[in-house]
Amino acid sequence: SGPQVGAIAVMGRRGGGHVGIVSGVDANGNPIIISGNTWNRGSGGRRTTLEQAYPRHRIYAYVVPR
């Protein structure tokens, strides 16, 4: 029903989808997600692993592993 730490977040992005692991929730209720293959402007545009808040509207589903 909402972001839980440890859940897998399934989200959309241009050209396909993306997944990451929820590590928290920010003050606005947006999930903070750790994900790989993420475009990082700070590293000169390389793809990397990042922890960042994603807008709630981008999340299609949360999957909680058993």
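Throughout these legends, buried means under 20% relative accessible area, exposed means over 50%, and partly exposed lies in between, calculated with a 1.4 Å probe on protein chains only. This is a predicted model, in which local features need pLDDT of at least 70 and side-chain atom pairs count only at pLDDT 80 or more, while totals for chains, interfaces and linings use all residues. Residues are numbered from 1 along each chain as its sequence is written, and side-chain values use heavy atoms, with hydrogens and water left out.

**View 1. The protein chain as a whole contains five strands and zero helices.** Helices (H or I, at least four residues) and strands (E, at least two) are DSSP runs numbered from the N terminus, and along the sequence the pattern reads β-β-β-β-β. Of the 66 residues in the protein chain, 29% are buried. Contact means heavy atoms within 4.5 Å, and among the contacts with a separation of 6 or more, 35% are accounted for by residues 24 or more positions apart.

**View 2. The largest nonpolar core is made up of seven residues.** Its members are Ala 7, Ala 9, Met 11, Val 22, Ile 33, Tyr 54 and Ile 59, where a nonpolar core is a set of buried Ala, Val, Leu, Ile, Met, Phe, Trp, Tyr and Cys residues joined through side-chain atoms within 4.5 Å. Not counting residues up to four places away in sequence, Ala 7 touches Gly 20, Ile 21, Val 22, Tyr 62, Val 63, Val 64 and Pro 65.

**View 3. A nonpolar surface patch of about 390 Å² includes Val 63.** The patch is made by Ile 8, Val 19, Ile 21, Ile 34 and Val 63. Patches consist of residues with over 30% relative accessible area and no salt bridge, like charges being joined within 9 Å and nonpolar side chains (Val, Leu, Ile, Met, Phe, Trp, Tyr) within 5 Å; a salt bridge is a side-chain nitrogen of Lys or Arg within 4 Å of a carboxyl oxygen of Asp or Glu. Val 63 lies in strand 5, which spans residues 59–63, and Val 63 counts as partly exposed because its relative accessibility is 41%.

**View 4. Strand 2 (residues 16–25) holds His 18, and also Gly 20 and Ser 23.** His 18 is buried, since its relative accessible area is 9%, and its side chain is joined to that of Ser 35 by a polar contact of 3.1 Å. A polar contact is a pair of N or O atoms within 3.5 Å; within protein, one atom must be able to donate a hydrogen and the other to accept it, and residues adjacent in sequence count only if both atoms are side-chain atoms. Gly 20 is likewise buried, at 6% relative accessibility, and its C-alpha atom is separated by 4.4 Å from that of Ser 35, 15 residues apart along the chain. Leaving aside neighbours within four places in sequence, Gly 20 is in contact with Ala 7, Ile 8, Ala 9, Met 11, Ile 33, Ile 34 and Ser 35. Ser 23, by contrast, counts as partly exposed at 28% relative accessibility, and its side chain makes a polar contact of 2.5 Å with the side chain of Glu 51. The C-alpha atoms of Ser 23 and Ile 34, eleven residues apart along the chain, are separated by 6.7 Å.

**View 5. Asn 30 is found in the loop between strand 2 and strand 3 (31–40).** Asn 30 counts as buried because its relative accessibility is 16%. A polar atom of the Asn 30 side chain lies 3.0 Å from the backbone nitrogen of Arg 56. Beyond residues up to four places away in sequence, Asn 30 touches Gly 24, Val 25, Tyr 54, Pro 55 and Arg 56.

**View 6. Gln 4 lies in the segment before strand 1 (8–13), and Pro 65 in the segment after strand 5.** Gln 4 is partly exposed, with a relative accessible area of 43%, and it touches Val 22 and Val 64 when residues up to four places away in sequence are not counted. The C-alpha atoms of Pro 65 and Ile 8, 57 residues apart along the chain, are separated by 7.8 Å.

How values were computed: Accessible areas come from the Shrake-Rupley method with a 1.4 Å probe; for residues, only the protein chains shown count as cover.
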